[in-house]
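Grab a pencil and work through these exercises with the model open beside you. Each task comes with a solution, taken one step at a time.

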Amino acid sequence: MSIWWSLHLRREAASVPLARRFLLGTMESAGVDPDISFDLSLALSEACANAVEHGGERRSADDLLAPGDCDPWDAWDSWSEQSGTASGQYWVTAYLDGEMCRIEVADSGPGFPARRVLRTAEQSHAHQPPAHQPQQLPPLSAEDGRGLCLIEQLADHVHFANRPGRGAVVSFDKVLKWREGALLMVS
């Protein structure tokens, strides 16, 4: 059994619960164990909140290209908030394939700091799981900064990547468990 969907969402706070509900509905219909569904929905919420908060850069109306001056796929990059002054979208894609769920959240912001991308890239090239390294969490008084660490704890594998000049992508996956009697269990 395979299920795939993709959403193009505005960078607005209301889009976060929409993406989470879409994922939860898909997983419930497929028969995924509620604990796994909860972990993935929380990780998705953190990734979406990060895209809403940091996923665009301020642009002037003069910076937007005229239709015909760019590749057709670049049209998504110019979709902006009603004011026309900010990059106003992000993308969520989910794949339930076999016994794995992979989720990707992409935005058009400045990208992840080089340190996070390099650390994750080094870990993903290793043939064995990385040795546990203490996370550098923000101070307890900080109001934000824990979302990416939370995604790393909730998912089995996480990858942070920058698309030069086009934003950031966080992808994460988790092995699925199924409810007893699930109608769409993997065969």
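Strands here are DSSP runs of E at least two residues long, numbered from the N terminus. By that rule, S171 lies in strand β5. Keep in mind that you're looking at a predicted model.

**Exercise 1. Get your bearings: how many helices and strands does the protein chain have, and in what order do they run?**

Step 1. Count the elements: the protein chain has five helices and five strands.

Step 2. Walk along from the N terminus, and you'll read β-α-α-α-β-β-α-α-β-β.

Step 3. Now look at the contacts. Taking those between residues at least 6 apart in sequence, 68% link residues at least 24 apart.

Step 4. Finish with the surface. Of the 187 residues in the protein chain, 39% are buried, and the accessible surface is about 11,200 Å², with 55% of that belonging to carbon and sulfur atoms.

**Exercise 2. Find the partners of β5: which strands pair with it, and in what sense?**

Step 1. Start with β3, residues 100-107: seven bridges join it to β5, and the two run antiparallel.

Step 2. Move on to β4, residues 157-163, which pairs with β5 over seven bridges, again in the antiparallel sense.

Step 3. Check the turn. The hairpin of β4 and β5 has three residues between the strands, and G165 there takes a positive phi near 75 degrees.

**Exercise 3. Decide whether S171 is buried or exposed, and list what it touches.**

Step 1. Recall the cut-off: buried means under 20% relative accessible area.

Step 2. Apply it: S171 has 7% relative accessibility, so it counts as buried.

Step 3. Compare with the rest of the strand. In β5, residues 167-175, eight of the nine residues are buried.

Step 4. List the contacts, skipping neighbours within four places in sequence: R102, I103, E104, H157, V158 and H159 all touch S171.

**Exercise 4. Explore the largest nonpolar core: which residues touch the most other members?**

Step 1. The core holds 36 residues, and V105 and F172 touch the most other members.

Step 2. See who contributes. At least two residues each come from β1, α1, α2, β2, β3, α5, β4 and β5.

Step 3. Pick out the top contributor: α2 gives the most, with eight residues.

Step 4. Zoom in on F172. Beyond four places in sequence, its contacts include L40, A43, L44 and A47, along with I151 and A155.

**Exercise 5. Take a tour of α1: how does its span compare with the expected one, and which of its residues are buried?**

Step 1. Check the span. α1 has 16 residues and reaches 23 Å from first C-alpha to last, close to the expected 22 Å.

Step 2. Name the buried residues of α1: S15, V16, P17, A19, L23, T26, M27 and A30.

Step 3. Think about the spacing. An α-helix has 3.6 residues a turn, so residues three or four places apart point the same way.

Step 4. Look at what they face: the buried residues of α1 pack against β1, α2, β2 and β3.

Step 5. Step just past the end of α1, where G31 takes a positive phi of about 95 degrees.

**Exercise 6. Look into the cysteines: how many disulfides does the structure hold?**

Step 1. The structure holds zero disulfides.

Step 2. Turn to C48, which counts as buried because its relative accessibility is 0%.

Step 3. Do likewise for C149: its relative accessible area is 6%, so C149 is buried.

Key:
Residues numbered from 1 in each chain as written. Predicted model: local features only at pLDDT ≥ 70, side-chain atom pairs only at ≥ 80, totals over all residues. Heavy atoms only, no water. Helix = DSSP H or I, 4+ residues; strand = E, 2+ residues; numbered from the N terminus. Buried < 20%, exposed > 50% of the residue type's maximum accessible area, 1.4 Å probe, protein only. Contact = heavy atoms within 4.5 Å. Areas by Shrake-Rupley, 256 points an atom, 1.4 Å probe, with all protein chains shown as cover. Disulfide = S-S within 2.5 Å. Pairing = 2+ DSSP bridges. Core = buried A, V, L, I, M, F, W, Y, C linked by side-chain atoms within 4.5 Å. Expected span 1.5 Å × (residues − 1).
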